[in-house]
Amino acid sequence: MGVDQCHRRWLWRCFLLFIGILTVSTTITASDTHNKREHLVSRIAFGSCSNQSAPQPIWDAVLDFNPQIFILLGDNIYGDNKRPFKIFGRERTIGPWKNVPRFLPASEQEMEAKYQKAKSNPGYARVKESAEVIGTWDDHDYGLNDAGKEFHGKRTNQKLLLDFLDEPEDSPRRKQAGVYTSYTYGPMGKDVKVVLLDTRYHRDPIGSDGTILGNSQWSWLESELNGPPTALTVIGSSIQVISNLSAAVQPMFSMESWGRFPKERDRLFKLIADSKRGGVLFISGDVHFGEITRYDCATDYPLFDITSSGLTQSVEEVLPHFLHSLVRFVAWLTPSTMRVRGPNCKYTSCVYGQPNFGTIEIDWDSHPVSVKFDVRDKNGVAVTGVNIPLLELHPSNSETRDGVKGDNQRHCTLEVSLPWIKRYRLAIFFYFTIGMLVLALIGLVYASVSIFRLGGCKRKHE
């Protein structure tokens with residue numbers, strides 16, 4: 001009997017000890033979550049298109065900005081492999097007689113090595129020590145240039161991305177189809193929600209006007225936007241949401257964007273409008289230049305898209321210095337109905353084609369609260385930016401809303417709605433220039449032949 005009583009007491013003490021440990025553990029977990037929720041966020045940085053093999057001095061400028069959160073928007077590595085440009089030979093990658101794709105997938109081992117190289121970069125490592133780094137992917141870290149749901153390596157590469165981001169082993173992102181997720185920071189009334197989309201895993205082919213997000217991600221996004229309101233909601237998309245430059249630069253260039261899937265973009269805008277959620281803005285990457293665009297006719301307030309691309313990859317970096325002025329002229333000539341232009345731009349076009357990163361600053365102590373978003377160069381200097389009261393990103397009374405719409409009607413015309421002569425003026429200019437050069441060359445050849453014949457006749461006469 002005494003032994004049984006002693007045994008029961010021992011079991012009772014073990015049970016109490018277990019309950020105590022469980023309570024402490026739960027308290028610590030709840031406390032950690034609470035601290036993360038209550039931590040006021042006022043400085044966010046973001047970027048995309050970082051080649052792990054290229055120099056990355058821009059991390060010093062990111063560190064000087066001292067962000068609390070850094071968001072990777074895709075192409076965090078360039079994981080796929082490239083064949084060289086070849087017009088002739090067995091493997092022709094360009095021209096009308098092209099017979100092989102220029103990009104091809106890398107092996108799992110190659111991808112893992114590239115991620116390791118990116119993660120061990122000293123600048124990136126310092127940013128990761130001082131800020132919380134979160135992110136999504138785009139095509140080159142997804143595994144293949146311009147790839148969508150058809151890409152066979154997406155499940156393996158999803159694990160590699162989440163390992164790179166140090167995603168916990170029990171995270172829902174490791175079990176779901178796609179890397180979409182959300183985070184909420186700050187106390188109620190001063191809270192910031194970050195929604196990261198996956199524009200690759202479920203995306204239909206370009207030109208199909210099918211889906212970008214897929215059914216499961218759309219249901220999740222609807223739930224996120226109809227959830228508790230926050231002062232600011234930042235939606236991260238690897239590709240541009242508002243701008244559709246492909247509508248103005250084809251057939252010369254073709255860029256991925258939500259505008260290439262008009263039904264899907266309309267659905268996104270309608271979802272935001274129907275949710276009555278205020279304070280929504282987009283951040284994006286992919287295009288190898290930086291710009292800020294806005295659309296005033298989707299919701300009761302203007303929707304902004306701050307595009308930052310890239311941390312290492314940019315249109316001017318791949319060209320000789322003497323061609324940079326030409327790039328800036330082309331950017332100025334390209335019609336864009338959505339781009340924000342103003343005195344805060346470094347160049348007249350308000351496009352920045354050198355390495356850059358984006359920033360969001362919220363001044364919670366100002367009255368009213370203000371939000372400032374910039375695209376910054378590798379020295380941390382703003383090259384284009386907008387500074388507005390946060391109230392302007394929330395539904396307002398009809399008098400103010402009508403005034404805003406009237407002042408910014410130019411941001412309601414989509415690029416695809418432009419008159420054809422304006423929409424295709426870049427192509428017209430390009431082909432006209434080529435035509436004039438060809439005519440000049442023909443004239444030069446004709447003049448040379450004429451001079452040669454005249455000289456021959458003169459010698460014969462003598």
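Predicted model: local features only at pLDDT ≥ 70, side-chain atom pairs only at ≥ 80, totals over all residues.
Numbering starts from 1 along the chain.

So, how many disulfides does a search of the whole structure find? Two.

Take Cys297 and Cys412. They form a disulfide, with sulfur atoms 1.7 Å apart. The pair ties together distant parts of the chain, 115 residues apart. Cys297 sits in the loop between strand 10 (291–295) and strand 11 (303–307). Cys412 sits in the loop between helix 11 (398–407) and helix 12 (420–423). The handedness comes from the torsion. About the S-S bond of Cys297 and Cys412 it is about 80°, so this disulfide is right-handed.

Are the two partners buried or exposed? Cys297 has 32% relative accessibility, so it counts as partly exposed. Cys412 has a relative accessible area of 15%. The cut-off for buried is under 20%, so Cys412 is buried.

Now the other bond. Cys345 is joined to Cys350, S to S 2.0 Å. Here the torsion about the S-S bond is about 100°, so the Cys345 and Cys350 disulfide is right-handed. Cys345 and Cys350 are both buried.

What pattern do the disulfides of the protein follow? Count the bonded cysteines along the chain, and the pattern reads 1-4, 2-3.

One more cysteine to look at: Cys49. Its relative accessible area is 0%, so Cys49 is buried.

To recap: two disulfides, in the pattern 1-4, 2-3. Cys297 is partly exposed, while Cys412 is buried.

Methods: Heavy atoms only, no water. Disulfide = S-S within 2.5 Å. Helix = DSSP H or I, 4+ residues; strand = E, 2+ residues; numbered from the N terminus. Buried < 20%, exposed > 50% of the residue type's maximum accessible area, 1.4 Å probe, protein only.
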